[in-house]
Amino acid sequence: MGVTNQALPSGYQLLNYRIDRQISRGGFSIVYRAFDDAGAPVAIKEYLPSSLVLRTDGDIVRASSAENLTSFRYGMKCFFEEGRALAKINHPNVVRVLNFFRANETVYMVMRYERGRTLQQQIQLRQDQMSERLVRHVFMHLLNGLREVHTHKLLHLDIKPANVYLRTDGSPVLLDFGAARQTLTTSRPKLAPMYTPGFAAPEQYREPDRLGPWTDVYGIGASMFACLAAFAPQAADARLNEDHLVSAKKIWAGAYSDNVLEVIDWCLRLDPLERPQSVFALQKAIREIAPRKRKLTFLDNLKKRLFTEVM
Amino acid sequence: MRFTIFQESLKGQRKINQDRLAYTYSRDTLLLVVADGMGGHAGGEIAAQIAVRLFIERFQQEAKPTLKNPLKFLQDSMLRAHQALGSYAEQFSMLETPRTTCVACIVQSNYAYWAHVGDSRLYLFRQGGLIGQTKDHSKVQYLVDQGLIGAHEVVNHPDRNKIFSCLGGLVEPVIDLSRRTPLRNGDLIVMCTDGLWSVYPQEEIARALTGAPILKSLPVLMREAEVRGGAEGDNLSLIAVRWGPETLTDEPTTITETMSLGEFQTEIDRTLTLTDRKGMQRDLTDDEIERAIAEIQATIKRYKT
């Protein structure tokens with residue numbers, strides 16, 4: 001066992017929030033459940049990269065060397081990117097940021113606390129296969145959230161069932177933008193890539209210059225696949241060498257509608273150009289809207305978008 | 001003051017973004033500024049940045065909390081920026097002065113005032129109709145005025161990038177000043193660089209914004225404009241303000257009545273930060289961390305429902 005960063009203890013007072021317990025720990029952060037002044041629960045994400053051991057005791061984060069400090073500060077930029085991007089997004093299917101502050105020589109992001117379980121837990125808990133109705137419901141709403149994310153020039157880049165939260169009412173929330181990049185503006189992602197085998201698209205391994213909305217679309221397809229199979233599809237890097245992935249249409253023929261199975265296979269194409277190029281295109285396919293004769297102009301699309309959002 | 005504001009700058013297909021934009025406001029006065037640094041000249045982005053910074057700094061010195069003479073402020077700031085570019089070139093022994101276009105707008109006591117140099121534009125829309133706009137200081141605009149070419153020929157004309165007035169040029173800039181223009185609730189001020197207006201006619205901008213929350217419709221419009229720019233797409237930038245209290249759902253309004261005298265809120269497009277002159281990455285300073293946090297908190301407040 002190596003030395004790991006110490007989490008803040010239960011009962012710790014962080015500004016006007018009281019830490020209750022650690023919820024999860026990732027490569028760059030620890031997430032806690034806490035209570036605000038009014039006693040309402042919130043989720044607080046603490047920037048604390050696990051590759052740098054910075055806190056073995058107490059609360060203050062200390063870099064052990066100048067080099068460490070540079071890496072620490074450098075990684076903080078990504079945390080800010082996440083905060084900046086999420087702050088602009090106020091959508092029921094995307095986790096909402098409530099506050100952002102500096103303390104203990106690191107930075108914290110306070111998010112709305114959601115009750116429920118992750119899609120991953122949902123998949124693991126269920127004995128029987130997930131119904132088509134539930135799959136459609138969850139992903140249509142999730143795609144509404146993802147569309148909003150893309151509208152803000154942000155790619156999520158780590159879409160997987162563990163990062164989708166299902167509220168008790170069944171509505172999904174997209175979580176953990178720790179891997180998110182503003183790749184739609186910068187020419188190249190700046191930090192070492194992070195990805196989850198099975199859910200990451202092939203271009204995330206090999207061609208970071210080709211990341212785009214279609215990269216998140218691959219993650220959506222892989223997550224839908226996992227809902228049906230209860231396991232992740234073959235990892236994309238392995239698929240590039242030898243593709244063993246059997247098409248959803250073959251595996252589940254008859255059990256689910258052709259439409260859903262075709263959509264999954266379409267999202268999981270290895271060539272980014274062969275996948276749906278936008279969330280909108282994907283949603284259209286799931287809705288099975290027959291192609292209209294006239295090509296939609298940008299304004300039609302805009303009106304439609306606004307209309308669906310108002311509804 | 002109550003208004004909704006949006007600003008964004010995209011790089012298009014260019015290697016660097018030479019557009020700069022910012023807004024700042026005191027309790028009673030709002031300043032918007034857009035500059036498009038000229039490529040082909042040394043340090044276009046430096047020129048744009050200097051111009052934008054200079055406007056912001058002068059505003060914060062003089063708007064306490066209102067400007068005595070907004071039009072004079074705009075004219076003086078343009079001239080000062082022009083001079084500052086000359087001094088900068090001298091200081092760093094540059095062979096050529098960095099150059100930029102600039103359009104700036106002041107809103108105070110329900111009146112708008114604007115000034116421009118070059119071909120970055122301001123449009124003023126009321127109920128979907130255009131009621132005010134800047135006239136480019138460009139060769140093609142001159143040709144249109146002389147009746148030598150039609151307005152529709154501007155976008156594809158071989159000389160479309162030639163402008164006869166800019167900040168940092170060899171001669172004093174030609175500065176056009178607007179009149180004192182009364183604003184009504186719901187009026188839209190849109191300021192943009194040529195990367196946007198060359199692919200997005202003003203009628204279309206008006207249509208996209210009428211009746212739609214600007215914080216929702218503008219990101220979409222910007223994406224679409226970037227696509228239209230194609231493989232050769234220029235940098236494109238836009239600031240838009242919908243004046244008055246909230247009129248549409250989903251449109252967070254900035255309210256300045258609660259601000260104290262002498263307080264300023266500023267948002268400079270973040271293309272300005274986090275890389276040094278060589279474009280190298282470096283770690284954050286304490287000051288930058290504080291600024292990043294303040295910016296995120298302001299955004300959270302602005303998008304709160």
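Two residues are said to be in contact if their C-beta atoms, placed from the backbone, lie within 7 Å. In chain A, 60% of the contacts with a separation of 6 or more come from residues 24 or more positions apart. The model is a predicted one, so local features need pLDDT of at least 70 and side-chain atom pairs count only at pLDDT 80 or more, while totals for chains, interfaces and linings use all residues. Residues are numbered from 1 along each chain as its sequence is written, and chains are lettered from A, with ligands numbered from 1, in the order in which they are written.

Chain A holds ten helices and nine strands; these are DSSP runs numbered from the N terminus, with helices (H or I) of at least four residues and strands (E) of at least two.

Six strands make up an open sheet, ordered S1-S2-S3-S4-S6-S5, with antiparallel pairing; strands pair if DSSP finds at least two bridges between them. Strand S1 (13-14) and strand S5 (97-103) of chain A sit at the edges with a single partner strand each, so one side of each has no neighbour in the sheet. S5(A) pairs with strand S6 (residues 106-112) of chain A over six bridges, and A:Phe100 stands opposite A:Met109 in S6(A). Helix H7 (residues 286-302) of chain B also packs on this sheet, touching S5 and S6 of chain A, at about 160° to the direction of S5(A). Such angles run from 0 to 180 degrees between N-to-C directions, and axes are lines fitted to C-alpha atoms, for helices over the stretch in contact.

Elsewhere in chain A, helix H5 (residues 213-229) is mostly covered, with 16 of its 17 residues buried. Just after H5(A), A:Ala230 takes a positive phi of about 70°.

Over in chain B, helix H1 (residues 44-62) and helix H2 (residues 70-91) pack at about 135°, with axes 9 Å apart. Residues meeting there include B:Leu54 and B:Phe55 in H1(B), and B:Phe73 and B:Tyr88 in H2(B).

How values were computed
Buried ≥ 20, exposed ≤ 12 C-beta atoms within 10 Å, placed from the backbone.
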